[in-house]
Amino acid sequence: MAQAVNNGVNVDALLAAREALKNTPAAGEFTWRASCKWQNGTYARSSVQGFRGLGAEQSHRSEFSFETDHPEVFAAEDRGATPVELVLVGLASCLTAGVAAVAQNRGIQLRSVEAKLEGDMNIGGILGVDPDIRKGYDKIRVAFHIDADASKEDIEALVAQSQKRSAVFDIITNPTEVTVEVV
Amino acid sequence: MLAAHSIDHVVLERGDVGNAWRRGRWDSLRLLTPNWLSRLPGYAYAGSDPDGFMDLRGIVEFLAGYAADSRAPVRAQTAVSRIRRLHSGYQVLTQGGEIRCRTVVLATGAGSEPAVPALHRTVPDSIQCLTTVDYRNPDQLPAGGVLVVGAAATGVQLAREIHRSGRPVTLCVGEHVRLPRSYRGRDVLWWMEHSGVWNQRFDEIEDLERARRLPSPQLIGAQDGALDLNALAAAGIEIVGRLAAVRDGRALFSGGLAHLIALADLKMERLLDTFDAWAREHGIEAGVEAVERFEPTRVKTSPRLSIDLNRGEIRTILWATGFRPDYRWLDIPVLDRKGELRHEGGVVAESPGLYALGLPVLRRRKSTFISGAGADAPEIAAHLLNELAGQGRSAARGLS
């Protein structure tokens, strides 16, 4: 059944990597990077290219660039999506990629997958109105619309497994240490 | 078994028979398994309550009875301090002296010491911390709120017991196993046993490592044993996500609780589907009640993500975070990088003549349970006898 299903994920390579890492877990240490250059106001341009993994410096094929800003209702120029929206993009895309990988591994043919996200936030937090108002999201909701060759229960299991192995889901739902220094 | 084959053997016990059940367990403990499942080779529960659940005294009596009945050569009060491999066999150092033998069966289990997460060191000193090995009953706890960390069988049982003592309880829930106590009129373990799920062999299980790490199901040894998160929440216990960190005196809980709840519900559904399929295929529909399904686990909207441990709301933390084995006395390099024994169905291939019993999914899903150990023992014994015979032949040929 696995041969007939093609979601475009090289599951064999992933499983082989998993086996290899069981014996040499240190080889699994990766460091991802991003850099950001202020442009003007709340407008900034971030780029991603190099990262470290498998014991060596690696590079994406080209530099990826992201422009971010605040919207007009924030008295800004709206030259890009907001950073908090990029976080939703990160979560959505991580979960979606996971759905594809798990579906491939389980022999489920996907026809379409769409994730719609909503994150609730009170901007009084970032504006300093009240220290008890959280700066980040109070709640994030993800809704998956999936058309696939599988029962509703199998699709739900698929989505549950995707969360289980999702990096961004973990980053958002669990505490992560962040250190900021001025060089 | 070994006696039947006239193999000279001895059973070493650091305390008295059933030592682990005599100490380090809470007062109200009962087995999760109904009494009819308490079976060992040639010995079975013979009391008047087969559908009941043994308490601590009953368990100790049962094991002591088996030891006497099978005339097992037990040396009590004989703690083992070291086991080493010799050129031909093993050296076992005990408080009663040294023993040399050709084969060793490790039956110390996987639960020798509590596995408390490293973050316990960051808990403020004002809070009393204890593990499930220290806990006996609610009376030993100070008045006030209790944070129970871990929602496997022990965690949910003690959360309910402590809550009933009048103390507010907050339960931290990570990955867990949801099971009904009773399904279609029969105990869930009747289904596990008869449908073959419990007898599934280790070499038939796709993700064996995961199966071996599964937390114990949220059950209690009682007929009114509804211990799932819905029942606990209805009773007034606060359900929060996995304890992820303690930062500046604040306990931080994962925001992924809904996911783990969905996962546990899905897995329970799948298991019940398996039971139903088996019932249909084996024509036993007449002997059981109609198919039933259970309420999905409800997550409270916006469960708390943190508690300030310095504010006095929580006076006690009970670590119900599981156990790990203690192999400090095993002076043979047969442990993996996580400190677990490397074995194939209980046979430690790297050290011929060394075996284990009673570990999770050692040979079958039921290996850690009393009846499971009883089922695994003949197979381990067969391998062991073969090993001895092989050693004998080698010795005869002057090869060892």
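Let's start inside chain A of this predicted model: the centres of domain 1 of chain A and domain 2 of chain A, taken over C-alpha atoms, sit 21 Å apart. Domain 1 is built from two stretches, 1-27 and 82-173, while domain 2 covers 31-80. Where these domains of chain A meet, domain 1 puts in four residues and domain 2 puts in six. On the domain 1 side of that contact you'll find three nonpolar residues, one polar residue and no charged ones.

Now look at a pair of helices in chain A, H2 (residues 83-105) and H3 (residues 152-164). They pack with their axes 8 Å apart, at an angle of about 120°. An angle from 65 to 115 degrees would count as roughly perpendicular, and one over 145 as roughly antiparallel, so H2(A) and H3(A) end up being called oblique to each other. As for handedness, H2(A) and H3(A) make a right-handed crossing.

Which residues do the touching here? From H2(A) come Leu95(A), Gly98(A), Val99(A), Val102(A) and Ala103(A), and they meet Leu158(A), Val159(A), Gln161(A), Ser162(A) and Gln163(A) of H3(A).

For the complex, the predictor gives an ipTM of 0.80 and a pTM of 0.90.

Over in chain B, the domain assignment again gives a domain 1 in two pieces, 11-112 and 325-396, plus a domain 2 at 114-323. The centres of these domains of chain B, taken over C-alpha atoms, are 27 Å apart. Their contact involves 22 residues of domain 1 of chain B and 25 residues of domain 2 of chain B. The domain 1 side of it splits into 10 nonpolar, six polar and six charged residues.

And how confident is the predictor about chain B? The average pLDDT for chain B is 93, and 99% of the residues score at least 70.

Technical notes:
Residues numbered from 1 in each chain as written. Chains lettered and ligands numbered in written order. Predicted model: local features only at pLDDT ≥ 70, side-chain atom pairs only at ≥ 80, totals over all residues. Axes fitted to C-alpha atoms, helices over the stretch in contact; angles between N-to-C directions. Helix = DSSP H or I, 4+ residues; strand = E, 2+ residues; numbered from the N terminus. Parallel < 35°, antiparallel > 145°, perpendicular 65-115°, else oblique. Left-handed = near helix turned anticlockwise from the far one by under 90°. Contact = placed C-beta atoms within 7 Å. Domains from an automatic or database assignment. Nonpolar A, V, L, I, M, F, W, Y, C, P; charged D, E, K, R; others polar. pLDDT = per-residue confidence, 0-100.
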